[in-house]
Amino acid sequence: MEKTMEKGKGTLILTAAGLAACAVFFIYGMKNGLFASEEAMAQFLSGFGIWGPLAFVGLQVVQVVIPIMPGGISCLAGVLLFGPVWGFVYNYVGICIGSALAFQIARKFGMPAVERAAGSQKLGRYLKWVDNGVFDRLFAAAIFFPAAPDDLLCFLAGVTRMRFGRFLLIILLGKPFSIALYSLGLTVIFDRLLGLAG
């Protein structure tokens, strides 16, 4: 019983620390125009030198928890800034950590956290998944394909009966495909647009 309570306290502390770090980074980014353009992002990351990749992973964590930019755009930025292989790796690590943090935040704070994450998005369709008892399967399919609102679904998963271990396994196995599609697909589109402009 004591071990369970200690584990719960540890999770709460990590969740609170992660949320606080996200909020601080978000405020800093807004004040300094960090999210205004890819050039501003590249300039910010270049200031970190060899720590630039770590800063980018942190940015990806934040953008899952606090949607400061569309996930596809940040994935594209990762590939453009670090190349296809390392861009994919940094995108994957940051998004997986952010997804786990979103789950834990919702697990602690419940539906208010989900509703805040939803913003203007409608939850009805996804709440039906929970009511019909098919959330786990549909969640896994949605994470695998890049069209669903993954970040919102990670928050919603936190208020279901899904165990964290199962959630994490779905994220770790499902995210590579969708991140690769986003990253590589958007890179091709971006290159073609540059070709047309040039």
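Colleague: What is the relative accessible area of D136?

Modeller: Start with the scale. Buried means under 20% relative accessible area, exposed means over 50%, and partly exposed lies in between (1.4 Å probe, protein chains only). D136 has a relative accessible area of 24%, so D136 is partly exposed. Two notes on the source before we go on. This is a predicted model, in which local features need pLDDT of at least 70 and side-chain atom pairs count only at pLDDT 80 or more, while totals for chains, interfaces and linings use all residues. Residues are numbered from 1 along each chain as its sequence is written, and side-chain values use heavy atoms, with hydrogens and water left out.

Colleague: How many helices and strands does the protein chain have?

Modeller: Helices (H or I, at least four residues) and strands (E, at least two) are DSSP runs, numbered from the N terminus. The protein chain has 10 helices and zero strands. The pattern along the sequence is therefore α-α-α-α-α-α-α-α-α-α.

Colleague: How many salt bridges does the structure hold?

Modeller: The general idea comes first. Side chains of opposite charge can pair when their charged atoms come close. The cut-off: a side-chain nitrogen of Lys or Arg within 4 Å of a carboxyl oxygen of Asp or Glu. The structure holds two salt bridges. One joins the side chains of D136 and R166, at 2.9 Å from N to O. This pair links distant parts of the chain: D136 sits in helix α8 (residues 135-144), R166 in helix α10 (residues 164-197), 30 residues apart. R166 has 46% relative accessibility and counts as partly exposed.

Colleague: Which side chain does K175 meet in a salt bridge?

Modeller: That of D150, at 2.8 Å from N to O. Again distant parts of the chain are linked: K175 is in helix α10 and D150 in helix α9 (residues 150-157), 25 residues apart.

Colleague: Is K175 buried or exposed?

Modeller: K175 has 4% relative accessibility, so K175 counts as buried. D150 is buried as well, with a relative accessible area of 8%.

Colleague: With which residues is K175 in contact?

Modeller: Contact means heavy atoms within 4.5 Å. Leave aside the neighbours within four places in sequence. K175 is then in contact with Y92, I95, C96, S99, I143, D150 and I170.

Colleague: How many residues of α9 are buried?

Modeller: Seven of the eight, so by the burial cut-off α9 is mostly covered. The buried ones are D150, L152, L153, C154, F155, L156 and A157.

Colleague: How many disulfides does the structure hold?

Modeller: A disulfide is a pair of cysteine sulfur atoms within 2.5 Å. The structure holds zero. C96 is in no disulfide, and its nearest cysteine sulfur, in C154, is 9.0 Å away. That is too far for a bond. C96 is buried at 8% relative accessibility. C154 is buried too, with a relative accessible area of 0%.

Colleague: How many residues does the largest nonpolar core have?

Modeller: A nonpolar core is a set of buried Ala, Val, Leu, Ile, Met, Phe, Trp, Tyr and Cys residues joined through side-chain atoms within 4.5 Å. The largest one has 34 residues, and F135, F139, L153, F155 and F167 have the most contacts inside it. At least two residues of this core come from each of α3, α5 (84-109), α6 (111-118), α7 (124-131), α8, α9 and α10. α5 supplies the largest share, seven residues.

Colleague: Which residues is F155 in contact with?

Modeller: Beyond its neighbours within four places in sequence, F155 is in contact with V64, V65, A102, I105, A106, A113, V114 and A117.

Colleague: What share of the contacts in the protein chain comes from residues 24 or more positions apart?

Modeller: Among contacts with a separation of 6 or more, the share is 70%. As for burial, 41% of the 198 residues count as buried.

Colleague: Which residues form a nonpolar patch on the surface?

Modeller: Patch residues have over 30% relative accessible area and no salt bridge; like charges are joined within 9 Å, and nonpolar side chains (Val, Leu, Ile, Met, Phe, Trp, Tyr) within 5 Å. Accessible areas come from the Shrake-Rupley method with a 1.4 Å probe; for residues, only the protein chains shown count as cover. Here F48, I50, W51 and L54 form the patch, with about 490 Å² of accessible area together. I50 lies in the loop between α2 (38-46) and α3 (52-65). I50 is exposed, with a relative accessible area of 74%. The protein chain as a whole exposes about 11300 Å², and carbon and sulfur atoms supply 68% of it.
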